[in-house]
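Biologist: Hi! Could you walk me through some of the strands here?
Modeller: Happy to, let's open it up.

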Amino acid sequence: MLPQSPALESTSADKPGVGTKRGVDARSQIRATGVQHGRGETSQTVTSDEKHHSARTASAGQAEDRGLATPYNIVVPNIAVPKRTAQHVFVLDKHGQPLQPCRPARARKLLADGRARVHRLVPFVIRLVDREVADSQVLGVEVGIAPGSKVTGVSVFTNNQGGREGLVSIEIGHRGQQIHKKMQQRANYRRRRRSANLRYRAPRFNNRTRPSGWLAPSLRHRVDSTMAMVARLRRWAPVTAIHQELVRFDMQKMQNPEISGVEYQQGELFGYEVREYLLEKWERKCAYCGATHTPLNIDHIRPRSSGGSNRVSNLTLACIPCNQSKSSNPVEEFLVNKPEVLKKILARAKAPLKDAAAVNSTRWALYQALKGSGLPVLVGSGGRTKWNRSRFGLAKSHTLDALCVGEVDAVAAVPKTILVAECMGRGSYSRTRTDKYGFPRLYLPRTKQVHGFATGDLVRAVIPKGKHAGVHVGRVAVRSRGWFRVGTVDCSWQHCTLLQRADGYEYERREEVPFPSRLQAGVPTAP
Ligand SMILES: [Zn+2]
């Protein structure tokens, strides 16, 4: 349960502002202030990872000498299965400037020693009272973003010469669907008011102009909420670079995929780019039977055994039953009873995918916005993310995707838990609740707060007796009569304590998906 992981369940962590500042300052003067507040600040020793890196560089160099290294065929060291580590804690200095995030154990100790204050509960941020950023060693962190339509994965990690160590994983749940629905509803109400015999509402049609780069509000929201999260992370952590998954597959890596064959485009990564390309081209379904949501194999339309090439124009996607029953039979024979399907497949196979870079306006808008933030923005393709994930034996999740975006040689650690931040909005502007026909049903009060609480605040309710006796922590929904809803229970406002003001998100902590063993994942061999 929220607000924090069990590792942080200490008295001081629960009570922001415990202890007096003066007492702490006196203590901190006695203590010799070093530069260590967290692991990131301790002196650098050569870790096994770095040794791997130097080995990697050496072997890559040799491979280059032999003319084997291609951009798509990176020599990968013997990567161990990533460690599962605790979600890190953001740390600020006494003026609120970000320091290197630390482990929860360290945060717990700092809080217990009175060297830190709880700055924020979710995500957990502490503030050191005896440290300035100028006296600290800050290595910096990087942020990976894997944008999706409903969910965007965000990962905060350290980058040590291509080796990443995940510190914090956040999954932003977008509310594009709700925004779309609300806009639709509003349009319908207005439409009705124009046609119904009611107060005059001027006709409005064909009188809108849209600036270039305009995005629908539901799409704009995805960009905005991701940017908001990046801005927040920059306040809490020393972010030095951003990695974004920009396109599904990298056309430049394929170089006219319809013409040159796969065999000329060596490398494991290339295979992933082709697969993503085919998924897009054949709409993620079996070309022969149209099956969806099933594992799809890459199928040679003209079988390899009868001289079919590896060119993308000879490749399609087939579900496993179709793939097996087709076997090495010619496609004409396999589809003898379905001439129209055959015709369609043959025509489509030859036609290259239009706008093959999968122009996704939202992703590009996000890219432009990120570039405007002044940080270096590095981009990668979806194919590359997938390739990285499978190399490191990581399962599919939005946050693991975010950790694997772009060029990465190794992933040393993955946070055990993720923070799910569901976009909830900040209430509605309209003070009238309507029935399904748009007629007023009830009116909301002018003020949002009731007894000092507003809907969306994070509260702790201690219910002394009754069916729901006990402690409940969650997002509160207020009612004028003072009978609130906290999580799944109702209680009086008098039992509630405010933990954190509403910030437009509902937070939840969840386990990261278990990742399969490295053996299951295809780990490429060095050439
Ligand atoms: Zn099929």
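Modeller: A quick term before we start: two strands count as paired if DSSP finds at least two bridges between them. Also keep in mind that this is a predicted model.
Biologist: Good to know. Which residue in β5 stands opposite L92?
Modeller: That is R127. Strand β2 pairs with β5, residues 125–128, over three bridges in the parallel sense.
Biologist: And what does L92 partner with in β3?
Modeller: In β3 the bridge partner of L92 is P98. Three bridges link β2 to β3, residues 98–102, and those two strands run antiparallel.
Biologist: How many residues sit between the strands in that hairpin of β2 and β3?
Modeller: Five, and G96 in the hairpin has a positive phi near 85°.
Biologist: Which way do the β2 side chains point, and are they buried or exposed?
Modeller: V89 and V91 point one way, F90 and L92 point the other way, and all are buried. In a regular strand, side chains alternate between the two faces of the sheet.
Biologist: Changing topic: what is the strand order in the open sheet that includes β17?
Modeller: The five strands go β20-β19-β18-β17-β21, with antiparallel pairing. At the edges are β20 (489–492) and β21 (496–500), each pairing on one side only. From one strand to the next, the twist averages 45°.
Biologist: How many bridges join β17 to β18?
Modeller: Six, between residues 458–463 of β17 and residues 470–477 of β18. As an example, V459 stands opposite G474 in β18.

Technical notes
Residues numbered from 1 in each chain as written. Predicted model: local features only at pLDDT ≥ 70, side-chain atom pairs only at ≥ 80, totals over all residues. Helix = DSSP H or I, 4+ residues; strand = E, 2+ residues; numbered from the N terminus. Axes fitted to C-alpha atoms, helices over the stretch in contact; angles between N-to-C directions. Buried ≥ 20, exposed ≤ 12 C-beta atoms within 10 Å, placed from the backbone.
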